Amino acid sequence: MAAKLYAIANQRGQAEAIRMMFAEAKIPFTEVPVTEADLATLDQSGALMFGDLPMVEIDGMQLPGQAAIIEYLAQLADSKSDKQANKFLGSNENERSTARSLCAAAYDLRRSALRMLKNRNATTEKAFKTNVVPEWFAALNKMAVASSDEDKGLGDGVHFTFGDLAMFEAVNCITSHLKISIIRPYPSLKEWHDKAVRRPAIEAYLTQRSDATW
């Protein structure tokens, strides 16, 4: 299986959750870093379906959009795993629907974080900490309350789904840039985040990844 990830050069951005999903799925891939000039050329050539990145090319298929890519990789991962393994799609449609909702929410949270990081100063950081973090982290903390040692996901089900991965990446982006103390007032969310950090594939990826501004 030949896979390529096209992503903006020197940025984690919305492609970071895709990189983590590749790691979790144990699917090797080649990353193609794209500069702003390259992006315009690709768009003009018609190589981009919707004129934006990230995009994955896998076995001749081009698939844009973070959520669609992560769910597709989750399906590939589940198709080659045994019955006792974690199910990235969830074990039923309720879990899969929850994963899709988490994926959409994570995209919005990540965009808010990106806006702050791209224009970071004392004012924008304070506004983010005061307005964005409490609203999002309080809601996620409620979802994480029911999590037990065996429960790896947020909301319905016990599996660590593609939606959990997307949300973990968004939360981890915030804790990485604003320090882990930002999550401590939300103990159930922190417990869930810490369990995700200890997942072998994610832990290895976080240890090895290079530095990036956002």
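**Cysteines and a cavity**

About 40 Å³ of space lies in the largest cavity.

This is a predicted model, where local features need pLDDT of at least 70, side-chain atom pairs count only at pLDDT 80 or more, and totals for chains, interfaces and linings use all residues. Residues are numbered from 1 along each chain as its sequence is written, and side-chain values use heavy atoms, with hydrogens and water left out.

User: What makes this space a cavity?
Analyst: On a 1 Å grid over the protein atoms alone, a cavity is a set of points where a 1.4 Å probe fits but cannot get out. With a cut-off of 30 Å³ or more, the count comes to one cavity.

User: Which residues line the largest cavity?
Analyst: A lining residue has an atom within 4 Å of a point. Here those are Arg 12, Arg 110, Glu 169, Asn 172, Cys 173, His 177, Arg 209 and Trp 214. Helix H6 (residues 162-178) gives the largest share, four residues.

User: Why is Cys 103 called buried?
Analyst: Buried means under 20% relative accessible area (1.4 Å probe, protein chains only), with exposed over 50% and partly exposed in between. Cys 103 has 2%, so it's buried.

User: What about Cys 173, buried or exposed?
Analyst: Cys 173 has 5% relative accessibility, so it counts as buried too.

Methods:
1 Å grid on protein atoms, 1.4 Å probe; cavity = no way out; pocket = protein on both sides within 12 Å on 5 of 7 lines; lining within 4 Å. Points joined across faces, edges and corners; volume = space filled by probe spheres on them. Helix = DSSP H or I, 4+ residues; strand = E, 2+ residues; numbered from the N terminus.
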